[in-house]
Amino acid sequence: MEAGHDGQAASTIGPADLAWSTPAAADHRTVPAVSVAVIGSGGAGAMRAGEILLEVAAVAGFYGLMTRAMGPQIRGGEAAALLRIATAPVSSLDDHFDLLIALDWANFNRFAAEIPLAPTTVVIADPAEGDVPEAVLASGARIGRLALKDLARAVPGGRTNMVGLGAAAAMVGLPSEIVAAVVSGQLGRKGDAVLAASVAALKAGADAAAALPAISRLAAPLHDGVARWNISGNQATGLGALKGGVSFVAAYPITPATEVLEWMAPALAKTGGMLVQAEDELAAINMVIGASFAGAPALTATSGPGLALMIESLGLAVASETPIVVVDVMRGGPSTGIPTKSEQTDLNIAVNGLHGDAPHLVLAPNSIADCLFTTQWAVGLAETLQAPAIVLSDQALGQSRAIVAPPREPPAASGRLTVPARDHVPASYRRYAETESGVSPMAIPGTPGSTYVADGLEHTERGTPSAQAADHATQLDKRARKLEGFDYGPSWADVEGEGEIALLTWGSVTGPAREAAAQARARGIGTRLISLRLLLPAQPARLAEALRGVRKLLVVEQSHGRQFHKFVRSCYDLPAEVAVISHPGPLPIRPAEILDQLAAWE
Amino acid sequence: MDAIASLSAQDFKSDVKPIWCPGCGDFAVLTALAKALAELGRPRESIALISGIGCSSRIPAYTSVYGFHGVHGRALAVATGVKLARPDLTVIAAGGDGDGLSIGGNHFLHACRRNVDMTYILMDNQVYGMTKGQASPTTAPDWCESKLTPSGTGVSPVAPLHLALASGVNFFARGFSGNPNELARLVVAAVNHPGFSVVHVLSPCVTFRSEQRAWKQSVHGADAAPAAHPAEALARFADDDGFTTGILFAGDREPFMPARTTTMAASDFERGFAVRTPPGSLAAASPA
Ligand SMILES: Cc1ncc(C[n+]2csc(CCOP(=O)(O)OP(=O)(O)O)c2C)c(N)n1
Ligand code: SF4
Ligand SMILES: [Mg+2]
């Protein structure tokens, strides 16, 4: 019921009226983290339940992570919300789930490999949805039979996913009044009847959960006074771009990058910028180059197939020294590959795809929150160094949500060096002048007295096409020097911990590596974690320093062809003993696999 | 800023010597463009001339305005970015039949329908001049002079006029490099017409299509005022011989330019991600 619509008060009940009491736990042990999977076929609302659970955890003061696994259907396919809720920041999913809520078993086998279960797992299964799949029984998990559908039917307007959510919240130990308040906040506009039905369904699930096998409950949240954000990687990328000053975006839709564009389109429209849907990726990157040439910090976002189409024009941005940012939210490749699932396999093309000697920037965020930092940093670097920057995010970061402390900000960038207006002396302005840093002042169209032609052909300092060896050498050297000579500061990598064993990784795989390193340290295995954020230009002196005293190095990445291992081998000196954990998507790399190797080395 | 009144056509040329073959039609296109820019009376720094790759696409370096010489086929995409980011600039794209209709054909179609306020000078010599004489999308099917297609292409050429009209172009004129004064007038009209305007220039390649020297006998002026509706233009020019010069179509579609508003700062969006405690819940509620 809409407020004031027909002269009646909109809402007569408040969240406090909706709370139910949660039954006492059978088991009083508490744990710092709990992992929950909610699965269901299209329309069952598994994703919705997962999102509400994450928000409830956030309001209650926990940290958390939620990734999604989706079937291939465009709409209405089966989906799984994979969560981990914890008292401390969460860097990765756990090695197995503590609780699996199956709203139904439709196409469960498509997800089975992505939802590892253990004998300690409790599986909530509705007897009305048929037999529990063999793969689930084989794990030894305890099965809690709960008539989700019948309980939902008993409530007028009740929904199965709300019954499941009520059970999950109660079993994990989330406060009922916060569940009710979050649901009420989201459904408030739909009126009291809908809200009451939801709360009754939640309560039915919570009450019924009391009779089921228990899981260890979450410990009390840390009331650390730190604010919490609930954000997805693709949103964080969009916000980072906006904060970096991007005012023009042109792009062509592609999974899993589209949410970056969906978030940015309305935000740009309110901040004096714009987003243009281009006819293809060739147009997108060239529109972005045009906008940047005209003075607007500009960005495009795509995934592997689109990056492949943009490669020729990335070289144009290098040669013409036009700053642009290309965000690649990586998915399984090659070709159309696995559009909805993650893989770290565009590294080769991002680093080596350009023809000619084409120095450029390649950066990679290593957490959901870091998507903001790294994208904002990339915009600043591209603008400052008048070069294209590729930002390699991936589906696992982009389409996952996390509860995090407010992301940190990159150091302020000096920005684009431009020329001031001057008296008209057309022959005097040298757009590509040799300078000590290699960065030359750029005249923005509209600036009197400094007209020039930006060129992808090799050129003289003035920008006039030239095929002469001396001009080629000068310009190649200048373009390399400006990137190699720049001081990128401490953000080139995250270097954490001490020890003679080090993990070297990048991107989304940093999550499980960070978790494994923490677990190793807890066992007394001194472990360093090095996660490269700046991939190009390589930083050999910095990595040598970070590796000082390291005897054994474990390289961890998500690719079949060991792309990252080959990349670091080509750019860096590594310790004598190197092992590699490298397997393709879509299965995430789990902390246990990394920990096993570290333990074997000790 | 340029002292507007004092700029002559010569002021719009640079001191860079063109690489074009003696007698190439593109020299006269440059002359006509410089004349048009002088006539338009806008400061040099307010004009951006964007091109791709080809003999014709070399034109920006020979002018004194801002220019961008990009990759093959993408001039219209770059120009679109320039104009959308900077509506205050006068944006002109230029290039050849291969650049604009073959490798860049998709952008031509979408530039016509998008209707951004800019002008495209399509320098058509029915050949790839720069790569030494291969057939282009406007080459006749029985032209046998290329080693790649010694028996002719056997493929029907595309008519830029028909393609543009079918795609929603807002202004279409045809000129001839052998008549630079008329061409200059057409460029001025195109730049002044709101929306996306095409000036299709017959510009002979004397090196690989020397028979095009005879074009001066073939061209003839349009004998009616420009058509105002695409259907009317398509009907009138259904059997066009490709040599009718003048303004052939002038439409009145609204140019595309997204409105810009600045009601928020980037950091204002952070609030949307902050976890808020819904009213009624206890912020510090301990787990049950
Ligand atoms: C991606 C790419 N493919 C091919 C070429 C080679 N190439 C350069 S110019 C050109 C054709 C030019 O023809 P047109 O646009 O008609 O210009 P003209 O030289 O006739 O003026 C080609 C195929 C290139 N530079 N880039
Ligand atoms: S090859 Fe043809 S188009 Fe190119 S410059 Fe020579 S005459 Fe002109
Ligand atoms: Mg040509």
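Me: Taking helices (H or I, at least four residues) and strands (E, at least two) as DSSP runs numbered from the N terminus, where does A:Glu321 lie in chain A?

Reply: This is a predicted model, and in it A:Glu321 lies in the loop between helix 11, which covers residues 304–320, and strand 13 of chain A.

Me: What is the phi of A:Glu321?

Reply: A:Glu321 has a positive phi of about 55°, although this residue is not a glycine. Most residues other than glycine have a negative phi.

Me: Buried or exposed?

Reply: With a relative accessible area of 0%, A:Glu321 is buried, since anything under 20% counts as such.

Me: Changing topic, what is omega for the bond from A:Thr255 to A:Pro256?

Reply: Omega is near 0° there, and the peptide bond from A:Thr255 to A:Pro256 is cis; A:Pro256 itself lies in the loop between strand 10 (248–251) and helix 9 (258–270) of chain A. A cis peptide bond also joins A:Gly333 and A:Pro334, with omega at about 5°, and A:Pro334 is found in the loop between strand 13 (324–330) and helix 12 (347–352) of chain A. Most peptide bonds are trans.

Me: Over to the metal: which residues coordinate the magnesium ion (ligand 3)?

Reply: B:Asp97 through OD, B:Asn125 through OD1 and B:Val127 through O coordinate the magnesium ion (ligand 3), at 2.1 to 2.2 Å. B:Asp97 lies in helix 3 (residues 97–103) of chain B and B:Asn125 in the loop between strand 4 (119–124) and helix 5 (160–167) of chain B, so this pair ties together parts that are 28 residues apart in sequence.

Me: How are the donor residues spaced?

Reply: In sequence, the donor residues of the magnesium ion (ligand 3) follow the spacing D-x27-N-x1-V. As for accessibility, B:Asp97 counts as buried at 1%, and B:Asn125 is buried with a relative accessible area of 10%.

Notes:
Residues numbered from 1 in each chain as written. Chains lettered and ligands numbered in written order. Predicted model: local features only at pLDDT ≥ 70, side-chain atom pairs only at ≥ 80, totals over all residues. Heavy atoms only, no water. Donors = N, O, S within 2.8 Å, 3.2 Å for Na, K, Ca; no water. Buried < 20%, exposed > 50% of the residue type's maximum accessible area, 1.4 Å probe, protein only.
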